[in-house]
Amino acid sequence: MASKGAIEQLTRAASRELSPRGITVNTVSPGATDTDLLREANPGRDFRTGDRRHPARPLGDPSDIADVVAFLTGPDGRWLTGQNLRADGGLS
């Protein structure tokens with residue numbers, strides 16, 4: 001798995017190359033998201049309990065991540081490029 005710094009560098013480099021062609025390049029780094037894979041990897045863990053470090057809620061919903069992606073690919077995200085958006089409910 002690439003580090004956050006490496007992901008951000010690759011995103012910026014791709015953005016510099018593709019932006020002149022009108023192509024935006026961004027990444028979305030999701031936090032813990034309520035998926036079957038997460039629950040299978042953590043059997044018996046109760047995700048309903050809060051985490052004092054987490055200002056929003058313990059888990060994001062897949063629709064939370066989809067909303068970020070929809071924003072980036074829609075007209076309101078047209079001026080964002082070269083960014084790594086951490087969609088983690090404020091944990092990072």
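Good morning. First, the ground rules. The model is predicted, so local features need pLDDT of at least 70, side-chain atom pairs count only at pLDDT 80 or more, and totals for chains, interfaces and linings use all residues. Residues are numbered from 1 along each chain as its sequence is written, and side-chain values use heavy atoms, with hydrogens and water left out.

Now the build. The chain has three helices and two strands. Helices (H or I, at least four residues) and strands (E, at least two) are DSSP runs, numbered from the N terminus. Read from that end, the order is α-β-α-α-β.

How confident is the predictor? pLDDT is its confidence in each residue, from 0 to 100. The chain averages 88, and 88% of the residues score at least 70. Among the elements, helix H3 (residues 62–73) has the highest mean, 96. Helix H2 (residues 36–41) has the lowest, 91.

Next, burial. Buried means under 20% relative accessible area, exposed over 50%, and partly exposed in between (1.4 Å probe, protein chains only). Of the 92 residues, 21% count as buried.

Contacts, then. A contact means heavy atoms within 4.5 Å. Take contacts between residues at least 6 apart in sequence: 71% of them join residues at least 24 apart.

On to charges. Side chains of opposite charge can pair when their charged atoms come close. A salt bridge here is a side-chain nitrogen of Lys or Arg within 4 Å of a carboxyl oxygen of Asp or Glu. How many are there? The count comes to two salt bridges.

One joins Arg 86 and Glu 8, with the closest N and O atoms 2.7 Å apart. Arg 86 lies in strand S2 (residues 83–87) and Glu 8 in helix H1 (residues 4–18), so the pair ties together parts 78 residues apart in sequence. Glu 8 is buried, at 17% relative accessible area. Arg 86 is partly exposed, at 36%.

The other joins Asp 34 and Arg 39, again with 2.7 Å between the closest N and O atoms. Asp 34 is partly exposed, at 30%. Arg 39 is also partly exposed, at 37%.

Last stop: Asn 26, in strand S1 (residues 26–30). What does its side chain reach? A polar atom of that side chain lies 3.0 Å from the backbone oxygen of Leu 80. The backbone nitrogen of Gln 83 lies 3.0 Å from a polar atom of the Asn 26 side chain. Leaving out residues up to four places away in sequence, Asn 26 touches several residues, among them Thr 11 and Leu 72.

Terms used
pLDDT = per-residue confidence, 0-100. Polar contact = N/O pair within 3.5 Å; in protein donor to acceptor, adjacent residues only side chain to side chain.
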